[in-house]
Amino acid sequence: MIDWSSCPAVERDSERVSGAWVFRGTRIPVTTLFQNLDDGAHVANFMDWFPGVTLAQVRAVLEHAARSLKAA
């Protein structure tokens, strides 16, 4: 499991979205990005479908995930 606490592009609040990690400033769970990519969507599709998320946030999340997986 990835520790998202050191990724500045995400946040978690136990009172919002059942405490899931979300893109900072949104209610969009980080898992939504990975589910969409796994289903064949492109980052541009994701950003069209979830306009509250910035490209910088998506890049930060993907880079954080990649670093975390390398460290595991």
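Predicted model: local features only at pLDDT ≥ 70, side-chain atom pairs only at ≥ 80, totals over all residues.
The phi angle of Val 17 is near 50 degrees, a positive value in a residue that is not glycine. Val 17 is located in the loop that runs between S1 and S2.

Ser 18 belongs to the loop between S1 and S2 as well. Its phi is near 55 degrees, again positive in a residue other than glycine. Ser 18 counts as exposed because its relative accessibility is 79%, the cut-off for that class being over 50%.

I turn now to helix H3. H3 consists of 17 residues and spans 24 Å from its first C-alpha to its last, close to the 24 Å expected at 1.5 Å a residue. Its buried residues are Gln 57, Val 58, Val 61, His 64 and Ala 65. Viewed down the axis of H3, the buried residues fall within an arc of 130 degrees, so they line one face of the helix. What does this face pack against? The buried residues of H3 pack against strands S1 (10–11) and S2 (22–23), and against helices H1 (30–38) and H2 (43–49). On the other side of H3, the exposed residues are Ala 56, Arg 59, Arg 67, Lys 70 and Ala 71.

Finally, I consider His 64, which lies in H3, residues 55–71. With a relative accessibility of 6%, His 64 counts as buried. Setting aside neighbours within four places in sequence, His 64 is in contact with Ile 2, Asp 3, Trp 4, Ser 6 and Cys 7.

Methods:
Residues numbered from 1 in each chain as written. Heavy atoms only, no water. Helix = DSSP H or I, 4+ residues; strand = E, 2+ residues; numbered from the N terminus. Buried < 20%, exposed > 50% of the residue type's maximum accessible area, 1.4 Å probe, protein only. Contact = heavy atoms within 4.5 Å. Expected span 1.5 Å × (residues − 1). Arc of directions from axis to C-beta.
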